[in-house]
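Subject: Structure for your review

Dear colleague,

Please find below the sequence and the structure that I am handing over to you. My findings follow directly after them.

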Amino acid sequence: MTSTPTHYDAIILGAGGAGLMCAALAGQRGRKVLLIDHADEPGKKILISGGGRCNFTNSNTTPDRYLSANRHFAKSALSRYTAQDFIALVNKYDIAWHEKTLGQLFCDGSARQIVAMLMEECPDEYVTVSLGQSITDISHSDGQYQVGYGNKSAFASSLVIATGGPSIPKMGATSFAYDIARQFGLKVVEPRPALVPLTLGGEETLFRSLSGVSAPVIATCGKTAFREAALFTHRGLSGPAILQISSYWKHGEPVSVNFLPDHSPDWLVELKRQQPRLHLKKAIAELLPSRLSETLIERIALAGDLGNLADRKLEEAARRLSNWRFMPNGTEGYAKAEVTAGGISTADISSKNMEARQMPGLYAIGEAVDVTGWLGGYNFQWAWASGYAAAQTL
Ligand code: FDA
């Protein structure tokens, strides 16, 4: 039997990075908050993030490192809660951290420290955490949101959707955020797996034999390019450069990979002048991992000493190496996607406090919203910043 509903100022659905941050800050402002999650512990994605060390922010955070139907949307929240603000919090708890590359900040120790810190930030007298309970129903009447969970129910004038996106369902990720949003008339931008390995099929399956080989490349899709490592897998392409570009990739589009990002288009012709007796195979093999160079040379179908090959042919070979066009036939899907792009439409929520325009008291934060960061700590920074923005007006 369901007990009498308990009253709170705000109910937050989802105890991930965004929900925890929002609950902590709203609690610190003296709001009575109920934080509900169906998982048996909070911040599960934080715990597995960054290989267990949580890449908790990026010191180069700028709004242009986020994808959204409205590219201006994230500006307001990101400017009011910055990477420096989160670093100050981490420092307050004496959590040791280091910068890896490209502004990516990781814990020296464990991601558990971040979850423990966020839980510690939630004042006991104001924040009630309910874990391991399914949410059974949500309704709204007379300006109050009522939520049934387990065999209990609660009501509040504010309801925050912080249940993330469907990436990594085996960890309890769901599309629940979109269902609630639709229930209250908010639009959802078609969600899709992002920061995800790409798969190769057809005649490109031969690249699968390179599984385990990695190389520094520039991966380009449309006007977007990332210079980082690419990794061949038994299903296709992965590695940071590919994960980054996957967020911009759409079915039917090619991904161009520059295997020689530091070489000019005429490097082979110049080399021919200097070393005409050097074999093309050797010239390329000196620059790339051997299995990769063998496969690429085989596909280029050009052989012989440089001096015996026409400039035009060498220019064409160099062009192919710097613009290898892969036609991915898909992605590895939500099972392997680090995040979900798309989500609750930013057109329906305020960029200032994340509140629904047509549904007072309803908020959406974190990955549930159509804001997706690059790889490298940007997604947590969005979780913290959007959680902060909502907490200011709860
Ligand atoms: P998040 O998904 O964290 O939390 C949602 C919560 O809602 C979960 O606790 C879930 O259990 C709960 N929930 C879902 N459905 C529910 C339902 N129906 N009922 C009740 N509760 C429900 N980002 C980054 O910046 N740096 C990094 O190092 C990494 N590393 C990383 C590694 C891996 C393997 C993954 C999968 C992802 C990352 N990310 C990352 C991305 C990052 O984890 C992600 O963007 C944030 O966790 C999003 O935070 P949210 O709070 O919005 O959702």
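In this predicted model, the C-alpha centres of domain 1 and domain 2 lie 39 Å apart. Six residues of domain 1 and 9 residues of domain 2 take part in the contact. As for the bounds, domain 1 comprises 6–193 + 340–391, and domain 2 covers 198–331.

The interface may be described as follows. About 730 Å² is buried between domain 1 and domain 2, with carbon and sulfur atoms giving 56% of that area. On the side of domain 1, Leu-67, Trp-374 and Leu-375 account for 57% of the area buried against domain 2, more than any other three residues. Between the two domains there are 0 salt bridges, while 3 residue pairs are in polar contact, with both residues at pLDDT 80 or more. Sorted by class, the residues of domain 1 that touch domain 2 are 5 nonpolar and 1 charged, with no polar ones.

I also searched for aromatic pairs. The whole structure contains 18 of them. One of these is formed by Phe-207 and Phe-232, whose rings are stacked, at 6.0 Å centre to centre and with 15° between the planes. This pair joins distant parts of the chain, the two residues being 25 residues apart. Phe-207 sits in the loop between β12 (198–199) and β13 (214–221), whereas Phe-232 belongs to strand β14 (residues 224–232).

With kind regards

Technical notes:
Residues are numbered from 1 along each chain as its sequence is written. This is a predicted model: local features need pLDDT of at least 70, side-chain atom pairs count only at pLDDT 80 or more; totals for chains, interfaces and linings use all residues. Side-chain values use heavy atoms; hydrogens and water are left out. Domain bounds come from an automatic or database domain assignment. Contact means heavy atoms within 4.5 Å. Buried area is the accessible area (1.4 Å probe) that two parts lose on being put together, summed over both. A salt bridge is a side-chain nitrogen of Lys or Arg within 4 Å of a carboxyl oxygen of Asp or Glu. A polar contact is a pair of N or O atoms within 3.5 Å; within protein, one must be able to donate a hydrogen and the other to accept it, and residues adjacent in sequence count only if both atoms are side-chain atoms. Ala, Val, Leu, Ile, Met, Phe, Trp, Tyr, Cys and Pro count as nonpolar, Asp, Glu, Lys and Arg as charged, and the others, Gly among them, as polar. Rings of Phe, Tyr and Trp (its six-membered ring) pair if their centres lie within 6.5 Å; planes under 30 degrees apart count as stacked, over 60 as edge-to-face and the rest as tilted. Helices (H or I, at least four residues) and strands (E, at least two) are DSSP runs, numbered from the N terminus.
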